[in-house]
Amino acid sequence: MGVTQMEVTPMPTPPDVVRSAYAQLVVTDLPRARWFWVDMLGFHVQYEDERALYLRGTDELTHHSLVLRVGEAPALDHIAYRVRTPEDVDRAEEYFTALGCPVRRVPAGTGTRGVGDAVRVVDPLGFPVEFFHAIDRAERLIQRYDLRRGAEVARMDHFNIVVPDIPAAYEHYRALGFGCSETIEGDEHELYAAWMFRKQTVHDVAFTSGAGPRMHHVGVFAPEAHQVLRTADIFGSLRAEHHIERGPGRHGVSNAFYLYLRDPDGHRVEIYTSDYYTGDPDHETYRWNVHDDRRRDFWGNAVIESWYKEATPVLDLDGRPQPVVSGALDESAVQVGADGLGIIPAQAAEH
Ligand SMILES: [Fe+2]
């Protein structure tokens with residue numbers, strides 16, 4: 001009596017995301033892209049024509065995990081998540097429509113080759129994201145050691161995206177049912193970065209603070225650390241060392257062994273291995289302080305400025321570049337040794 005109840009429309013159930021599945025990048029020169037991703041890194045070519053390459057790692061049993069299509073300027077066309085059932089594709093449509101996002105249905109045969117019925121959205125963070133369930137199966141190559149070369153890429157592991165508002169990205173992916181394995185936080189627990197997962201590893205998606213929406217890198221999994229080292233050696237041997245941007249090294253966050261490379265269009269790829277299991281229901285978030293210089297490189301090696309500042313533009317559903325907004329927090333400006341900028345802890349300086 002006398003109490004006014006606000007009518008709250010409940011949000012539709014979000015889609016049940018299985019994993020980060022594939023990225024579609026725009027490249028300007030397909031033969032050069034083929035040299036980098038296939039000849040040098042060892043992706044398997046599942047299909048190619050004059051306009052696109054469809055690539056996968058040797059552990060993957062689906063049509064592709066990376067599509068490189070020719071276009072005018074380097075960009076991210078979209079990232080894609082696989083969902084558990086065909087109904088989850090409908091749920092994605094309903095969920096993002098309720099959020100007020102641009103949403104487009106992509107019937108089987110009209111979108112990316114090999115992928116069935118899908119929904120593409122521009123998510124609240126400004127990224128072009130596809131949700132699909134059906135995808136063509138592919139021949140098992142897990143024990144085709146004779147086909148391996150370069151980094152011996154096994155599978156797509158994660159997307160790393162640059163966003164101006166890390167808490168907003170965290171909340172969006174929490175609402176989509178993602179767990180959080182690790183964070184980088186300031187002294188007041190302000191969030192500089194977060195690693196979030198659906199599959200039972202450290203992440204399917206991570207956020208780097210900065211001007212966004214932009215794509216920071218795709219992370220591809222190599223079976224063992226020696227493949228990461230060998231990749232760097234091969235680039236050196238062929239006088240292609242300028243493609244190496246950072247590493248090899250050991251991350252603090254994720255514990256992974258890593259190497260960052262830039263492809264001929266500037267797209268960044270991380271060769272990544274040796275992270276850990278996160279699938280227990282009470283798995284706790286591990287929180288790094290932004291002043292801990294082991295967080296980005298466990299051995300305290302400097303993170304070069306290009307790694308923080310440069311990233312790939314992203315497109316909207318009509319292929320136009322998304323406008324970019326500056327970031328609220330700048331991790332690269334934090335005065336810590338790992339960024340090569342300064343403060344050496346007193347106890348370390350004594351030794
Ligand atoms: Fe990564």
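Reply: A cavity is a set of points, on a 1 Å grid over the protein atoms alone, where a 1.4 Å probe fits but cannot get out; a pocket is an open set with protein on both sides within 12 Å along at least five of seven lines, and lining residues have an atom within 4 Å of a point. Grid points are joined across faces, edges and corners, and a volume is the space filled by probe spheres set on the points. The model is predicted: local features need pLDDT of at least 70 and side-chain atom pairs count only at pLDDT 80 or more, while totals for chains, interfaces and linings use all residues. Residues are numbered from 1 along each chain as its sequence is written, and side-chain values use heavy atoms, with hydrogens and water left out.

Me: Thanks! How many cavities of 30 Å³ or more does the structure hold?
Reply: Two. The largest cavity has a volume of about 100 Å³, and 15 residues line it, with Trp195, His251, Tyr260, Glu270 and Arg296 closest to its centre. That lining divides into five nonpolar, six polar and four charged residues. Here Ala, Val, Leu, Ile, Met, Phe, Trp, Tyr, Cys and Pro count as nonpolar, Asp, Glu, Lys and Arg as charged, and the others, Gly among them, as polar.

Me: And what is the volume of the second largest cavity?
Reply: About 30 Å³. Its lining includes Val106, Thr112, Arg120 and Glu130, and the residues there split into five nonpolar, five polar and two charged.

Me: Switching to open spaces: which residues are closest to the centre of the largest pocket?
Reply: The largest pocket has a volume of about 390 Å³. Of its 24 lining residues, Gln24, Arg69, Asp77, Thr112 and Arg120 are the closest to the centre. Thr112 and Arg120 also belong to the lining of the second largest cavity.

Me: Which strand gives the largest share of that pocket's lining?
Reply: S4, with three residues. S4 spans 66–70, and other strands that supply at least two residues each include S5 (75–83) and S7 (118–122). Helices (H or I, at least four residues) and strands (E, at least two) are DSSP runs, numbered from the N terminus. By type, the lining has nine nonpolar, six polar and nine charged residues.

Me: How about the second largest pocket, what lies nearest its centre?
Reply: Arg19, Asp59, Glu60, Leu61 and Arg155, out of 13 lining residues. Strands S1 (17–27) and S9 (155–163) each give two or more residues to that lining, and S9 gives the most, with three. Nine of the lining residues are charged, two are nonpolar and two are polar. The space there is about 170 Å³.

Me: Now the metal. Which residues are the protein donors of the iron ion?
Reply: His158 (NE2), His217 (NE2) and Glu270 (OE), lying 2.0 to 2.2 Å from the iron. Donors are N, O and S atoms within 2.8 Å of the metal (3.2 Å for Na, K and Ca); water is not among the atoms, so sites may look incomplete. Along the chain, the spacing reads H-x58-H-x52-E. His217 sits in strand S13 (residues 214–221) and Glu270 in strand S16 (residues 268–273), 53 residues apart.

Me: Is Glu270 buried or exposed?
Reply: Buried, with a relative accessible area of 2%. His217 is buried too, at 1%. Buried means under 20% relative accessible area, exposed over 50% and partly exposed in between (1.4 Å probe, protein chains only).

Me: What is Thr208 in contact with, beyond its close sequence neighbours?
Reply: Leaving aside neighbours within four places in sequence, its contacts (heavy atoms within 4.5 Å) include Asn160, His216 and Trp307. Thr208 lies in strand S12 (residues 205–209) and counts as buried, at 1% relative accessibility.

Me: Last topic: where is confidence lowest?
Reply: In helix H6 (residues 346–349), at a mean pLDDT of 41, whereas S8 is highest at 99. pLDDT is the predictor's confidence in each residue, from 0 to 100. The protein averages 93, and 93% of the residues score at least 70. Over residues 336–351, pLDDT stays under 50. Where pLDDT is low, the predicted coordinates should not be read in detail.
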